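Subject: Structure for your files

Hello,

Here is the structure we talked about, with the sequence alongside. Please open it first; my notes follow below.

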Amino acid sequence: MQEPQNINELIRLMKNGRNESERIAAALDLGNFKSKEVVEALVEQLCIETSRAVQESIVSSLIKIGNENVAELAVELLKSDDAYLRNVGVEILATIGDSALEVFERMIMHPDKDVRQLVVNAIGEGQLKEAVMILRKVVEEDEEENVVAAAVEYLGEIGGSEEDKKAIKQALNRFSSPFFQYVGEVALKKLGG
Amino acid sequence: MTAEEFIKLRDFIYRKTGIYFEEQKMYYVKNRVESRMEATGYENFRSYFTWLRFDVTGQELQQLLNALTINETYFFREYYQLKCFAEEVLPEILERKRKENSRKIRIWSAGCSTGEEPYTLAIIMKEMLEDVDDIDWEIYATDINTEVLQKAERGLYSQRAVRLVPEEYKKRYLYKKGDFYEVIPDLKEKIIFFQLNLMDAVEMRKMRNFDVIFCRNVLIYFDDASRRQVAIYFYEALVEGGYIFLGHSESMSRITPIFKLRKFKNAFVYQK
């Protein structure tokens, strides 16, 4: 069998290869290309793909590519009705970290609280120290208790500045539920405040 | 080696192999790097690292990897998994082979280190298939570390390494050589040892049609993204319904959902 020479051929094989194995191989090979066209094809296929193994190969390639194009499209997965797609969206964003900072900044303003919560999870799970400012902004400004609580929890793990502690203390004044008070106190303890 | 230098080296090794050393492994890495610097006559890390990166032969990288990936093991390690393989998984495979009119069982010991695992598997295969004439089998044993592979091929082990081998098996498959035990030639010839980087896409695609993969306590050296990639390669390497054994503290479900978890009496095993 001849080796596929170009991106279009690989995309075709990923979508319509003769068997799962050929489609997995094509999806993995596409991870060697960084263009927007490839990222779009991978994400599009991820959303309609029926084989979990091909989906996992696509996720693997998206993480390998790991650029801003991936971040832009992976964030769309957070809005999916499919729990698997939402989870891999968080995982991709958490893993590619730095490339996703701009996207994170934009998405914490998203009108859907569930999307905002998943963005916070991605920052926290990725332990992205560069995104601490974004977490702090959520703690200071978000109106949704659960979103803020998640941000406080992660800020307790990866934050550390006086500003972080101050933001958490202010949030403790905004949300009075026992749950929130507990999460806030634990975070402050971790930060030594 | 400073913390910054450690990170540079760590990232370089990760890009080349997928093996990821956490910060807490810094002193482990530092000790081994210093041994390599001493052996090669480099007095400072900077010049050693420059040489390492631009050495076109790749020999020093291999030597360093050899020093970093030595994994002490022994025969019949995690016995309950081997019992599961011998008494529960293998009969299923035999039944399937007969239905498919197929004669060959292929097993892969991935990350075989100094060979204790593949030889243990060979002993089990010999014992379990003693009265089975219509089935042939072979074991592929791979590791990234060329030094351990040399030891594995030699098949010479200390008393400590063979301490869990039942006496009857010791008599049949090992012979005493001074303070050591050597594996009998009949067992050695059933195993094909060779070097393989589990992150090498080209080489991994050559690994196909395995009925069982043993990859115990190997993926712990990889980061999440590399683990998923290797798991996909394993999926591709297995026949439909093939099995994969991981170390007792490892979970494939945490890496990828593509394998089914099978609960046997003696152990949990993942299946394609």
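How much area is buried between chain B and chain A, and what percentage of it do carbon and sulfur atoms give? About 1,200 Å² is buried between the two chains, and carbon and sulfur atoms give 52% of that area. On the chain B side, B:Arg205, B:Arg228 and B:Ile232 lose the most area to chain A; together they make up 43% of what that side buries. Please keep in mind that this is a predicted model.

The contact between the chains involves 16 residues from chain A and 12 residues from chain B. Three salt bridges are found across this interface. B:Arg228, already listed among the residues of chain B that lose the most area to chain A, forms a salt bridge with A:Glu56. The closest N and O atoms of B:Arg228 and A:Glu56 are 2.9 Å apart. By class, the residues on the side of chain B that touches chain A are seven nonpolar, two polar and three charged. Between chain B and chain A there are also eight residue pairs in polar contact, counting pairs with both residues at pLDDT 80 or more.

Now to chain B itself. Chain B is divided into domain 1, residues 3-68, and domain 2, residues 79-271. Taken over C-alpha atoms, the centres of these two domains of chain B are separated by 30 Å. In the contact between them, 10 residues of domain 1 meet 12 residues of domain 2. The two domains of chain B bury about 950 Å² between them, with 45% of this given by carbon and sulfur atoms. Within domain 1 of chain B, B:Ile19, B:Gln62 and B:Asn66 supply 42% of the area buried against domain 2, more than any other three residues.

What is the count of salt bridges between domain 1 and domain 2 of chain B? The count is zero. On the domain 1 side, the elements that give two or more residues to the contact with domain 2 are α1 (3-17) and α4 (59-68) of chain B. The largest share of that side comes from α4(B), with four residues. The side of domain 1 of chain B that touches domain 2 has four nonpolar, five polar and one charged residues.

Regards

Conventions. Residues are numbered from 1 along each chain as its sequence is written. Chains are lettered from A and ligands numbered from 1 in the order in which they are written. This is a predicted model: local features need pLDDT of at least 70, side-chain atom pairs count only at pLDDT 80 or more; totals for chains, interfaces and linings use all residues. Side-chain values use heavy atoms; hydrogens and water are left out. Contact means heavy atoms within 4.5 Å. Buried area is the accessible area (1.4 Å probe) that two parts lose on being put together, summed over both. A salt bridge is a side-chain nitrogen of Lys or Arg within 4 Å of a carboxyl oxygen of Asp or Glu. A polar contact is a pair of N or O atoms within 3.5 Å; within protein, one must be able to donate a hydrogen and the other to accept it, and residues adjacent in sequence count only if both atoms are side-chain atoms. Ala, Val, Leu, Ile, Met, Phe, Trp, Tyr, Cys and Pro count as nonpolar, Asp, Glu, Lys and Arg as charged, and the others, Gly among them, as polar. Domain bounds come from an automatic or database domain assignment.
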